[in-house]
Amino acid sequence: MKIELQGVWERVSVPALAKAGMALSQLSGLDFSVTETDIIASQWAAVKKKMVDKNPNPGYAVRLGAHGLFFAQIMLLFSDQNGQQLVSRMIGETVALPLDDLGLSALGEVGNVVGTAFLNVFADLFQGVWEPTVPEVLTTDALKFLSGVHDDTPILVTEAVFQVTGENIDSQIIVIPLPNEQGGIA
Amino acid sequence: MNILIVDDAAFMRLRLKKLLEDQGYQIQEAANGREAVERYQAERPDLVLMDITMPEMSGIEALQAIRQIDSGVKVIMVSALGQQAMVIQAIQAGARDFIVKPYEPQRVLDSIKKLMA
């Protein structure tokens with residue numbers, strides 16, 4: 001990725017994350033805010049270590065691929081408790097763990113709506129289409145989604161935490177642009 | 001009035017179904033574009049609410065296929081993919097309206113009433 005494009009990525013990621021947070025609030029009925037926004041360029045090994053350190057046991061992960069402007073991976077990570085609380089609010093009754101098919105569907109839709117809101121900002125800015133894949137929900141080993149990326153691959157990551165003020169609900173979004181499904185940022 | 005809800009997310013189908021049944025509409029469901037085409041051909045609902053990003057067949061492809069069956073079909077796209085280029089593509093393919101997820105329930109009801117008036 002050329003330096004100027006990286007600069008654009010860094011600048012547009014902030015309002016795109018804000019849009020994603022607004023979408024999550026509207027879908028869930030909870031007043032989420034975006035905190036701890038971080039946009040970093042690094043090698044995949046370092047990024048992976050940071051993700052593991054921050055999320056030693058993510059519980060649930062929703063993954064979307066994105067194609068069009070360029071290839072990217074989007075992941076939303078939830079602890080068991082946060083996934084349970086978020087789905088309970090969306091469904092309107094307390095759901096049990098592990099989440100059943102309807103609960104997993106709700107969590108997948110969170111990934112779809114939040115991830116696509118992020119993509120929409122970039123697509124409209126560049127007057128193109130940046131289309132997500134159908135969301136996948138993973139209940140173990142969230143980082144397995146990115147097992148095809150080599151450790152020494154240079155990579156650009158946007159991440160943020162969505163948090164509800166006054167309540168113990170948060171989730172983490174990670175967006176990793178890649179030129180193709182295996183490679184890193186050239 | 002019969003409405004076909006097309007969305008791969010069971011949660012979203014359930015949410016829309018509750019909203020519309022409370023208003024007295026009769027609901028049919030499909031979980032992807034291919035199933036939507038089959039259900040439309042068999043049951044000819046009065047209106048279709050169609051997601052875009054779905055497995056097997058996308059909502060845009062399903063819209064085009066259904067229009068081959070019935071050029072007068074009334075389809076409202078209901079998708080998170082509210083990118084300008086995609087909205088234009090859907091309208092050009094024959095969609096009558098485009099509602100971006102997450103939506104306000106009243107926005108959906110207003111669109112249906114307007115189309116069925």
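This is a predicted model: local features need pLDDT of at least 70, side-chain atom pairs count only at pLDDT 80 or more; totals for chains, interfaces and linings use all residues.
Trainee: Which elements of chain B supply the side that touches chain A?

Mentor: Helix H1 (10-21) and helix H4 (84-93) of chain B are the elements that give two or more residues to that side, and H1(B) gives the most, with five residues. By class, the side of chain B that touches chain A has 14 nonpolar, four polar and four charged residues.

Trainee: How many residues are in contact across the interface, and what area is buried there?

Mentor: The contacts involve 22 residues of chain B and 23 residues of chain A, while the area buried between the chains is about 1,900 Å², with carbon and sulfur atoms giving 59% of it. On the side of chain B, Phe11(B), Gln83(B) and Pro102(B) lose the most area to chain A, and together they account for 35% of what that side buries.

Trainee: Is Lys101(B) buried or exposed, and what surrounds this residue?

Mentor: The cut-off for buried is a relative accessible area under 20%, so Lys101(B), with 4%, is buried, and Glu109(A) is buried as well. Lys101(B) lies in the loop between strand E5 (97-100) and helix H5 (105-116) of chain B. Apart from neighbours within four places in sequence, the residues in contact with Lys101(B) include Glu109(A), Asn112(A) and Val113(A) from chain A, and Asp7(B), Met12(B) and Asp51(B) from chain B. The side chains of Lys101(B) and Asp7(B) are joined by a polar contact of 2.7 Å.

Trainee: How many salt bridges does the structure hold over all chains, and why does the pair of Lys101(B) and Glu109(A) join two chains?

Mentor: Over all chains there are nine salt bridges. Lys101(B) is in the loop between E5 and H5 of chain B, whereas Glu109(A) is in helix H4 (residues 101-125) of chain A, so this pair joins two chains.

Trainee: Which parts of chain B are tied together by the salt bridges of Glu29(B) and Glu56(B)?

Mentor: Glu29(B) pairs with Lys17(B), the closest N and O atoms being 3.4 Å apart; because Glu29(B) lies in strand E2 (residues 26-30) and Lys17(B) in helix H1 of chain B, the pair ties together parts that are twelve residues apart in sequence. Glu29(B) is partly exposed at 24% relative accessibility, and Lys17(B) is partly exposed at 26%. Glu56(B) forms a salt bridge with Arg34(B), with 3.6 Å between the closest N and O atoms. Here Glu56(B) is in the loop between strand E3 (47-50) and helix H3 (59-69), and Arg34(B) is in helix H2 (residues 33-43) of chain B, so the parts tied together are 22 residues apart in sequence. Glu56(B) counts as exposed at 58% relative accessibility, whereas Arg34(B), at 39%, is partly exposed.

Trainee: Which residues do salt bridges with shared partners join into one network?

Mentor: Glu109(A), Asp7(B), Asp51(B) and Lys101(B) are joined in that way.

Definitions and conventions
Residues are numbered from 1 along each chain as its sequence is written. Chains are lettered from A and ligands numbered from 1 in the order in which they are written. Side-chain values use heavy atoms; hydrogens and water are left out. Contact means heavy atoms within 4.5 Å. Buried area is the accessible area (1.4 Å probe) that two parts lose on being put together, summed over both. Helices (H or I, at least four residues) and strands (E, at least two) are DSSP runs, numbered from the N terminus. Ala, Val, Leu, Ile, Met, Phe, Trp, Tyr, Cys and Pro count as nonpolar, Asp, Glu, Lys and Arg as charged, and the others, Gly among them, as polar. Buried means under 20% relative accessible area, exposed over 50%, partly exposed in between (1.4 Å probe, protein chains only). A polar contact is a pair of N or O atoms within 3.5 Å; within protein, one must be able to donate a hydrogen and the other to accept it, and residues adjacent in sequence count only if both atoms are side-chain atoms. A salt bridge is a side-chain nitrogen of Lys or Arg within 4 Å of a carboxyl oxygen of Asp or Glu.
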